[in-house]
Amino acid sequence: MLSFPLISVREVIARGRADAEAHGGFRNPYYGLRPGKDEQPGLWLVGDQGVYLMSNGKLPEGVKPLVVYAEECDPRANDDWFDVKRRTFGGDDGVDFIDAEQLEAMMAAAPEATHLRVAFLQDSMQLYLIAKS
C-alpha cells in the first residue's frame, strides 16, 4: 500500500485545474492515443522513478507538472524505493487516471481523514482514506 497526505492531494488537484484554466484544458493520460477521452480534472498515479501523483492540467512547453510522491516510494527519501515500487505498482512503468470529482467526494465524506491510501490487488486498485497521526 502507498500513502499520500490529503493536503498534497488537494494541492495536485488544484494545480491541475489552475493549469487547465490558464493553458487550455486537461492532458489526456493516453498520450494522444484517445483524443477527447478522459480529458477532465484528475490525477495521474504514475509508476516510474518511484510512485507519485501528478497534476493533469495542460502546461506550456518545458514546464513540469506538480508531483507528490508516495510516502513509502520517494526516491529522494527512501533508498528502497525501487523494491517498494515493484511490490506495489509493479515492475513496469505506467499511469492510472484518478477522477478528481470522485476523489473530492470521498474526501468530503471523510473529514477526519489525513491520507489517501492506494492498495494494489491482483487485478485492481483500491483507493481509500485513512486518519494517520
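**A helix face and its aromatic pairs**

Trp81 is buried, with a relative accessible area of 16%; buried means under 20%, exposed over 50% and partly exposed in between, using a 1.4 Å probe and protein chains only. This is a predicted model, where local features need pLDDT of at least 70, side-chain atom pairs count only at pLDDT 80 or more, and totals for chains, interfaces and linings use all residues. Residues are numbered from 1 along each chain as its sequence is written, and side-chain values use heavy atoms, leaving out hydrogens and water.

Colleague: Why do the buried residues of H2 line one face of the helix?

Modeller: Helices are DSSP runs of H or I with at least four residues, and strands are runs of E with at least two, numbered from the N terminus. In H2, residues 81-88, the buried ones are Trp81, Val84, Lys85 and Thr88. An α-helix has 3.6 residues a turn, so residues three or four places apart point the same way. Seen down the axis of H2, by directions from the axis to the C-beta atoms, the buried residues line one face because they fall within an arc of 100°.

Colleague: Which parts does the pair of Tyr52 and Tyr69 tie together?

Modeller: Rings of Phe, Tyr and Trp (its six-membered ring) pair if their centres lie within 6.5 Å; planes under 30 degrees apart are stacked, over 60 edge-to-face and the rest tilted. Tyr52 and Tyr69 are edge-to-face, at 5.2 Å centre to centre and 65° between the planes. The parts tied together are 17 residues apart in sequence: strand S3 with Tyr52, and, with Tyr69, strand S4.
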